[in-house]
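Let's take a walk through this model, stopping at a few residues along the way. Have the structure open and follow along.

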Amino acid sequence: MKHQPDASSTKESQLAIGKCVQTLAVLELNPISQSRVTVTNVTGDSDAEDSESSIDLLVGSRPPVNGAPPLDPTLVSTPAIDEPYELVDGAWLGTDADAREVVVGIGYASENDIAVGDTLQLTTLANQVRLRVVGLVDQAPQAPVLAQQVRSGAGPGGRPNPNPPEPTTSGGSKTQLGLPSNFVQGVATNAVYVRPQVAAMINGDPSKPQVLQLAVRDTVTVDAFRDAWQSQLASNQPPLKLIDFAAVRGGLESSRSVSQQRSQAWAATGMASLAAVFIIFSTLSMGVSERARELAMLRAVALTRAQIAGIIAMESVLLALIGWLGGLATGWALVLLGSHVMTGLFGSSPVLGWGCVVLTGLTVVVGSLGAAILPAWRAMRIQPIDAMSARTPSPRRLHRTTFAGVGLLMMAATPILVFALPMPDTWRTACYAFVAYPMLLFGTILIAPTVVILCEQTFGPMVTGLLRLDRRTMQVPLSSNLWRTVGATLALSVGLGLYTSTQTWGYSMLQPFTPGRWLPDMLVAFHPIGLDETGLARVKQVEGVRSDQVLPLSVEQARFAWDGDAEPTRLKYDNAVIFGLDPAPALTDDDPFLNLRFVDGDRQSAAEQLADGRGCLISQDFQISTGLGIGDELHFTPPAAEHERVTYRIAAVVSLPGWHWVTKFSGVRRHFVRTATMVMAGREQVRRDFHLHRNEFYWLNLDDHADLAAVESQLQSIAERDAGTTFTADGMGEVTAYRPFARATATENVRKAIRMRADDMIWGMSLLPLITLAVMSLAIANTMIASVRSRTWEFGVMRSIGVTRSQLVRLVVAESVLIGIAAVVLSLLFGLIAGWCGVGMAQYGRWFAGPPTFIIPWSQLSVGFALTIVLCLLAGLWPAIKIGRAEPLTLLTAGRTAQ
C-alpha cells in the first residue's frame, strides 16, 4: 500500500494504516521509501571513504539526475527481514540496522558489472556513502505505468526532491496493496536496497514510507480485503489505493516500453504487407505483359473475361499464400533462435498465437486480392485479336494525366486539412490518421506512372551520357512496360518514403527542443541549500567566469491554480518552472544578459512590468498550447504554502527553444518530473511569493577559452564551504547537508547530448524503413530479369549490328538506375509532404514545443537515396552480366522462341 506523506495529514494517515494493520487479515507489513541516487562502483579504490576532495566529487560522483542519461537507480529503504525477491547471489540485508550493506537488483547489476563483495558509492544531493554489496536479487523486467501524474516526496531543504522517485510496487510473494492516484506505479527494475537508517544517512533526512507492502493471510483473499478496506483507505487524506499483482500485470502490459514495442510490430507488419502487395502487383503485371498472347489465345478458345480475371486472382492468392507460409516458418524460427541466443529477449517461452496466424492470413488474402485488381483489369481488356501481337499497350497519356491530376489533388488534401481547415483537435487527429494520410498514400500511387515517365525523359539523357551510351538506345526503357516499372518503383518507395518522412519529421521536431542562442553558457545549481549573499561574489571570482556576466536566480516549480474550467485542454502538465531574475541586467542593459526574441510585446515594457513585481514572460509554445497572451493572468500555488495563491500578469511572449532540456538536466524541476513551461518573473517577487531564502541557481557566461572541468571544480569548492550545515526544513525539522553539490550544466554540452540522443532515436526509427528498402531491392532484381527476358530479341538484334557486350551491360545498368531515380523522386514527394504535415499535427498534441519548423535534412536523406541507387545497381548487375555474356545467335533464337 502506498501513500504520499503530507505534514497536514500524517496523523490521519497513521491512524488509517494502524487500523489496517490491526486487522487479523494482515500477516506482515513492510513500509518502504524510495529516492534517486547515483551509484558508482569504487571497488579497489584506495581513497579514504567519503573523501572531501572536489575532484572525487566531479569524477563519477555527480548528484542524481532523474530521467537524464545515464538513468539513476532507485534507492529503496526497507526493513523487510526476508528478501522481497528471489536471491540470485549472496544474502539479504542483515539485522544490524546501521551496517553499511546494500543489495542490488540483478538488472542494474548486470548492466554495470556489479558483483557480491563490490564497494558502491551512493551519491545524493546531501551525502556520499560507500556500501558493500552483500546480495543480488531478481526483479521484474519491466515497469508498469498505471497513472500519468508524477509527484515526489520531500527532499533535503524542506522542498520536494528535485529528482523525484518513481514509486514502485514491490512484493515478491507478498501482496502489494495501495497507491494514491497521482503516482506512477511500477516495479523498481533498477533498484538498490538498504536499511532505513542507512537511507536516512544517504539522503540527509529520515526516510518516510511511501509504499506499504502488506502480506495477507492465506485464509483471506485480496478481493475480500479490498472490499473491506477500499472505501476507508480512499477517504483518507492523502487517499490510499489498493494495488495487487493483477493490477501490476495489467500495468506491465500497458507500460510505455510494451506500447512502443507493440507500435513497432504494427508498423513492421504494415510496411511488410504494403511491400508485399507491390511485389505481387509487379509480378502479376509482368506476367500479364509476357503472357499477353497466351491470354488472348485463351479468350479466343473459350474463356470469358471473368474467368481470365479469376486466373490472375488465383495466381495472386497462391503467390501470397506461399510467401505467408514461408514468412510464418521463418519468423517462428527467428523467434526460437532469438529466445535461445538472447535469453532476456522474452520473459517466457515464445508462443505463436492463433491471433497472429489469423491476422497475417487475412492480411495476405486481402492484400493479394487488392494487388490483383489492376493486373486482372488489364488481362480482361486483352482481345482475341491481340494474339497476333506480343505486347500489351501501356496506359494512354490521357489516362496517365487523369491519374496524376487525381493523385495531386489527394496529396494536396493532407496539408490543407492540417494547416487550413478549422476543426476541433480530436477531429483533426482522427481525420489525419484515417482520411488524410491514406489519401496521401493513394495519391502517391496514382502519380507514380507520371513520375516514372518524367524521370525517364529528364534523367534518361543524363544517365546515358554518364555511361557513354547512344541516347537512341535508351529512349523508352521504363515506359515500354510501364506497369512493371511502376510496381518496382512503388515497392522501393515503401521503405524509402517512410525513411524520408521519418528523417524530415524527426529533425524538424528537434529544432524547438534544441537550446537556442538565448541561453547563457552555464546554469549552476548549488544543492541543497544554495549560497548566501556573499556567494555571488565568490562565483564572480571563479577563473574562467566573466565577472560581469553572472545572474542570480530564484527558481521554484509550482502548480497552476486555474479558475474553474479555465484549464487549457492542450496542456499536458499542471505545473511550471518559475525563474526569478533581475529584469534590468537580464533584459534592458546595453548588452542584455538574455538575448530573447520577443514574439509579442517589447523588451522595455516587459522589463518595467517585471520590475513592478507582477509581470512575467511566457514562452511561445506555452502561448500556442493555452491561447493566453499579454494581459492574461497566471495563478500558482506555492509548494511551501498550499493555502496561498500567487498571481502574475503576462507582459510579453518570447521564444525559448530548448528550455525543456535545460530544466531537465539542471535540477530546477523540484517537485515534478515533467513540467508544462518556463515562466520568467522578477527575482525579489519570486523569492517572497514562494518563500525562498538563499539563491540556489546562477546563470553565467564563460570566457572564450575557459576550462569547463576547472570551472566546475572551483564551483564545487564554493559549495563545499557549507558542508555539515544544519538547517530547518518545512515539515521535516532539522536537516543536515553533509555534502553540498554544485551542479554545472553547460549549454553547449546539453546541445551535444541532445543531438547525439536525437540522432540515435531518429536513426533507430529509420532502421526498419531501411531494412524494408533492402528487402524491396529483390523486386528490382525481379523486374530487371523480366525486362531482359522480354527484350532478348531486341538485344540480339543490337548485338548483331555492332553493339558491344559492355554497351549492352551498361544499357541494363542504366535502366535499373533510372528505376532507382524514379523511386527517389516519388519517395521525396511523399516523404516531404508527410514530414511537413507530421510537424504541423504536432501543434495539436499536448507535448508540442513550439511553432512548426520544417527542416529538410539533405545530408541524412542523401544516405537513403544513395543506398537506393546502390541497391538498384546490385539488383541489375546479374541480369546485365548474363545478357552481356550471351552470343548474338543465342539471343536471337531465345527471343524468337519467347515470341
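This is a predicted model: local features need pLDDT of at least 70, side-chain atom pairs count only at pLDDT 80 or more; totals for chains, interfaces and linings use all residues.

Residues are numbered from 1 along each chain as its sequence is written, and side-chain values use heavy atoms, with hydrogens and water left out.

Start with Arg683, which sits in helix α20, residues 683–689. Helices here are DSSP runs of H or I with at least four residues, strands are runs of E with at least two, and both are numbered from the N terminus. Arg683 is buried, at 11% relative accessible area; buried means under 20%, exposed over 50%, and partly exposed in between, using a 1.4 Å probe and protein chains only. Who are its neighbours? Leaving aside residues up to four places away in sequence, Arg683 touches Pro552, Leu553, Ser554, Gly580, Leu581, Asp582 and Asn695, with contact meaning heavy atoms within 4.5 Å.

His691 is partly exposed, with a relative accessible area of 33%.

Finally, look at Arg468, in the loop between α13 (425–466) and α14 (482–510). Arg468 isn't a glycine either, and its phi is positive, near 60°. With a relative accessible area of 72%, Arg468 is exposed.
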